[in-house]
Amino acid sequence: MSDDGLLSSLRYLFADFLDEPDHTPPSLPGGLPDGAPIVVSDGIHLLIDYQGAAYAKLYVERLARFVGRQDVDTAMFSKIARLMANRMAYEDAIRIAQLKLAEFRDGDGQVRSADIKKFRFDELVDALPAVAAEPVLMVLDRVGWAHRQVSIPFSTLSQWGIRRLRVEAWLRRWRLFSIRYGEERKWVERWLHMISRSLAKQPKAASAIVQTATMVEGYGDRYRQGLADWHAIIDGLAKPTFDGVLPLADLAGAVAEARAAALPDPRQAALKRAIAQIRARALATGANAAAG
């Protein structure tokens, strides 16, 4: 992550926590491609609802690095804007509580329902500020409960359920101090960095790199698996290609092949095998070309 990206994140983190009086939505950046303002505006409103105006400003700043680039057309820019907004509004227990309350309010209190969601213990603790979460995570690891799942009700069927949802939604104040937010911030910055590197090194693969954001979504085991698979593909194929150590001519095709091999397997056996085969083919092709 760049120093500027870190400073921006910290600035907006403290602005949101201290509840600064400026709740004005950020302005759309100038020079947006035709058709992109609607997508960016939707992203801004999503993130204001998710975390606040300061968080939406961070979104606009992140997007600004792609504004005015000749190698980023409307379709790619809009895709980056949409996927980044969705990723920044990542799904945690706080967000589910927010959405459940919004459903209740939009129905004028007439729509009452209950949902049961399964989270891992470490995932729930990761939503807390690091200073509080780290000791708890140590205990969970020690007793072997970190990955154990627990069912959490999100209910508007009773006043008690509604009050509990309000408390959970209020915890958004602490979200930007959480372990999970730190991980998400690093991931978004690395994704954006890989897009920039692809545009410079393999422009034809840039759209495929952008689309890899769809691998990381949801919560629980699904989220962890997608995140692990994403890093495996980036570290095994994209980064070495950009670094010039893997002569992979068709990175987009390689990413698609690897993604097709990814299964819901914590060991990543099929995915690792596919990546190894792709690398072996690329190295053999490169060696033959050098010999010829």
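**Rings and a lysine in a predicted model**

Lys100 is found in helix α5 (residues 93-106); helices (H or I, at least four residues) and strands (E, at least two) are DSSP runs, numbered from the N terminus. This is a predicted model, where local features need pLDDT of at least 70, side-chain atom pairs count only at pLDDT 80 or more, and totals for chains, interfaces and linings use all residues. Residues are numbered from 1 along each chain as its sequence is written, and side-chain values use heavy atoms, leaving out hydrogens and water.

User: Is Lys100 buried or exposed?
Analyst: Happy to look! Buried means under 20% relative accessible area, exposed over 50%, and partly exposed in between (1.4 Å probe, protein chains only). Lys100 has 4% relative accessibility, so Lys100 counts as buried.

User: How are the planes of Phe121 and Trp145 arranged?
Analyst: Good one! Rings of Phe, Tyr and Trp (its six-membered ring) pair if their centres lie within 6.5 Å, with planes under 30 degrees apart stacked, over 60 edge-to-face and the rest tilted. Phe121 and Trp145 are 6.1 Å apart centre to centre with 15° between the planes, and this aromatic pair is stacked.

User: How many residues apart in sequence are the parts that this pair ties together?
Analyst: Phe121 lies in helix α6 (residues 121-126). Trp145 is in the loop between α7 (130-143) and β2 (149-155), so the pair ties together parts whose separation in sequence is 24 residues.

User: Which charged residue sits over the ring of Tyr50?
Analyst: A charge sits over a ring if NZ of Lys or CZ of Arg is within 6 Å of the ring centre and within 35 degrees of the ring normal. At 3.8 Å from the centre of the Tyr50 ring is the charged end of Arg175.
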